[in-house]
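Dear colleague,

Please read the notes with the model open beside them.

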Amino acid sequence: MAVVTAFGVVTALAGTADAATATAATAAQKQPARIGATPRVPAGAVRTGTTPSSSTTLHLAVNLQPRDPAALSAFVSAVSDKSSPLYHHYLGTGQFAQTFGPTQSTIDSVEQALRSQGLTPGTVTQDGLSIPVTTSIATASKALSTSFTNVKLADGTTAYLNTAAPVLPSGVATQVSSISGLTDVSAVTSHYTKPRLVGSAPTSGSTGVASHAAAVTSPTVCSGLTTNLNNGGLYDTKQYYSPSSLASAYGLNKSFTAGSGVKVGVFELENVNTSDIADYQSCLGTHTSVSYVPVDGGPTAAANADNNGDGVESALDIDDLIGLVPGASIIDYQGPDAVNATDQNVLDVYQKMVTDDQVKVISTSWGVCEPAVISSDPGFFASSHNVFAEAAAQGQSVVAAAGDGGSTDCYRQSGDSNALAVDYPASDPDVTGVGGTWMNGLGSTLKQAVWNYNGTAYADGAGGGGVSAEWNSGSSSANGSFLYQSGFTGPGYSNACNAASGETCRQVPDVSALADQSSGYLVSLDHNGGNVWGVVGGTSGAAPTWAAMLVQADASSGCQANGSVGQLNPVVYAAARSSYSSSFTDITTGNNDWAASGYKGGLYAAGAGYDLASGLGTPKFPGLLGQLCGTKTGTAHGDFFPVTPQRVLDTRDGTGGFKTPLGANATDVLQVAGVAGVPNDGSVTAVMLSVTAVGPTASSFLSVYGDGTGHGSTTLAYTPGQIVPNSVVVPVKDGKVDFYNHSGSVNVVAVVSGYYGTATTGGSTFVGISPAHLLDTRSGTGTGGTIAPLGANATITVPTTGQAGVPNDGTVTAVALDVTAIAGTANSFIGVYPGTSGPSTASSISFAPGQIIANSVIVPVGTDGTVKFYNHSGSVNVTADVTGYYTTATTGSGFSAVVPSHLLDTRNAASPVKALGSGGTLSFPVTGVGGVATNANAVVLNVTAIGGTAGSYLSIYPDSLGHSASTSIDFSAEQTISSLVIVPVVDGRIAIYNHAGAVNVAADVLGYYAP
């Protein structure tokens, strides 16, 4: 009993000690702790007295930390890293809160703490990062242990701010990044230059949409405005850049469908004059969708360019995007008018753009010099950075104007400091800062320099750039998230960052684009109650220009297959390391000192490579595209997986679930993942299909594309009654591809022969070879010497491995063939399949009597290295040329899709080569253009022979190797026929040879193979 009593005493004493410890811990958690730093009165401002307790309603936000900031930063880095297994595995809409948002217990604890201090929390935001609180000055003063003071700012306006950092119990304070809304001191401003008005707008009735419809295929400035501009001494590429010329300067797609299927968001703190936007679209002939989302009540002042420039920024942002990506959808997120907007309003707009997750590209031309934020609202950095990290985790790209005050960002905004400073949010590590350039000319006459000198005089502004004072290796918020800049140090960096002690600092800008107002952007504006046109400059134009480029990238087949670009910075710096000259124009002239601020010494001068005046430079979009939408490295992401050819769609018999012809403007959505040997595990990025249009009732075209990504490209064109085949490599979206018919009705047949996927084993890479004959029934090649057409239900077995440069080492899994059916005697089809398989009813080429029809096929080889050719009905001569093979050896190349674009069209008036004559040859570059990487060793083209004057063939081959008798496309007189071809590249160029007569030739690039 004594022992028991002793234990009882000990237990009781222990319980008392534990209780005391718990009480002490609870008391410590309730101790007040200040959050962030004490705000300082902005430079040039003076206190004017205590803010009256009843004068203002405060709209606050208690901004919470992610549950694991380091894990979030690591995830953002991983999804942007091509060597990571998480590359482009973005979070879906609404997933951020459950993955990285604060835990529910954290939210509950913070809400309870707010209630205990007399505040009423609202509904937490969707991402879990903010708890809204509406209260009075008096209640906030008591609850957060701070007072408020009124100040008169340097520009004469009045504002209020808290005099001490807010207080919360220490137990929850560590979970809070900031409490925003305690001040309405905000220097956020837009970054455009004063418009140079150039005259009244033409009316759409005489010079607008009607004049465009039949004549042009891309947005073009209406003739009446061009006349007005010229009469005023303003000429395209000299005193302004039209959208078409700007697109040409950077290598962007110029079609009306550019950006189709992608939504882009613009950040604004002002209203927009919708009639100005309508006038702009009328002149350019566009019909871009523009919608508006008000945040925190939105703006109230009417857009009027005469009233302090309200509406100019919105017009510039939206007009620039319309001109460059007319096929996209633009969402304008509008916060309260800038003159009244608080930092909390600014944060609310960004948070709305991100949590909605409707737009994959976000463009902001508004910013504030870093010292102003550090002074008045230091907690804003951490809270907004969390939102931008959320955007990166979701695959959203954010671009921001780097400012118009050169290296002295605050001088332009307040006029009271010519100290070195950069602009925020351009300096945020998860945002791409866009600087400014001067530009003149086009093509071989194009000149570019840093924007502060227009060639004859100092400009009214300079592109922002320099070294951040906030984001450095000692910043807990940055958390190492700008390591992508490692190795890129601009001149002057060491003067502004404590590099000697090992500190690293964030540098801006990252990239640049046109900003100089002397050759700026055409904008439709309201003036004295009417519409006028103006030329506007500033990095406010450069930011949406880069946003438009990202929209075009996201719309490309490569990004549709591999995921949106997402955070741009790691991608562009990686591109600069691997292929700088093909991805960027290096700006080496000028500096970004703005003369008006007192700096004239070229502190941040342009130089070779990265610099603090122009960043990496201006874009060469075709070369950069492969980097933006490329596949991950170190995996078989671009590898090919052959399958035995099998029909997956036939609208004549219901294969694929459709048993009626495809009607006008109709779409069939076909499930391809999980069918015919194509896996349904999420690894498939693209499929190889042979597609045939059978018996169309009207002249039309068929588009095949990733489900829901838009039908901007033409896979097959046909006239009534034809049977027309072609092959296509089509991205797969959610396991599906879409088939769209433009007009009339048509039966559609599709055969799958393989897929491209992310599986890390079992895939094959491509090796291109000089085209060579494997089969020609007219000469006995490949038939054992027998010269005879292929009869009904007959097959020919043709060796492939060990022939024409195809190795016989057991590694070859498939071959790429150009196959032609010549003068068949009946409606029939040819099936091409592995030599060790049974007869296949899958059609590689369908044809009608007398036709000459060509198509490219990728066919698995049999275990004995052979393939078989089967003819269904009648008799037909068959030729087959091998252009390459797929191998499991490590010497091959992975596939990357690109935005389909014209490389050649001899019908084009600008083409240096017209119709290709008998025995004629034309050569043209294919690497570094159209999104093809400079190291590509083969390209995938859709080539069309148009209206030949005689029966002939085209041979397509590496330029330096010379043509042979190999056939890429056979055609008869007056026939128009297309075929997919895979052409090896030796010296960056390919050539096309025409055997007889004369023929026009068009070539579109679809993708490329590279190591």
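**Helix packing and cavities**

The crossing of H20 and H21 is right-handed, where right-handed means that the near helix is turned clockwise from the far one by less than a right angle, and left-handed that it is turned anticlockwise. This is a predicted model, in which local features need pLDDT of at least 70 and side-chain atom pairs count only at pLDDT 80 or more, while totals for chains, interfaces and linings use all residues. Residues are numbered from 1 along each chain as its sequence is written, and side-chain values use heavy atoms, with hydrogens and water left out.

Helices (H or I, at least four residues) and strands (E, at least two) are DSSP runs numbered from the N terminus. The axes of H20 (residues 569-583) and H21 come within 10 Å and cross at roughly 145°; axes are lines fitted to C-alpha atoms, for helices over the stretch in contact, and angles run from 0 to 180 degrees between N-to-C directions. In this pair, Val571, Ala575, Ser578, Ser579, Ser582 and Ser583 of H20 meet Gly623, Leu624, Gln627 and Leu628 of H21, contact meaning heavy atoms within 4.5 Å. By class, that contact has four nonpolar, six polar and no charged residues, with Ala, Val, Leu, Ile, Met, Phe, Trp, Tyr, Cys and Pro counted as nonpolar, Asp, Glu, Lys and Arg as charged, and the others, Gly among them, as polar.

H21 (residues 621-628) also packs with H18 (residues 539-555), their axes coming within 10 Å and crossing at roughly 60°. H18 passes H21 in a right-handed crossing, with Trp546, Met549, Gln552 and Ala553 of H18 in contact with Phe621, Leu624, Leu625 and Leu628 of H21.

H18 packs in turn with H12 (residues 312-324), at an angle of about 30° and with the axes 9 Å apart, and the crossing of H12 and H18 is right-handed.

Turning to the cavities, a search of the whole structure finds eight of 30 Å³ or more, a cavity being a set of points, on a 1 Å grid over the protein atoms alone, where a 1.4 Å probe fits but cannot get out, with lining residues having an atom within 4 Å of a point. The largest cavity has a volume of about 140 Å³, a volume being the space filled by probe spheres set on the points. Its lining has 16 residues, of which Ala37, Pro166, Ile179, Asp377 and Gly379 lie nearest the centre.

Best regards

Note on methods:
1 Å grid on protein atoms, 1.4 Å probe; cavity = no way out; pocket = protein on both sides within 12 Å on 5 of 7 lines; lining within 4 Å.
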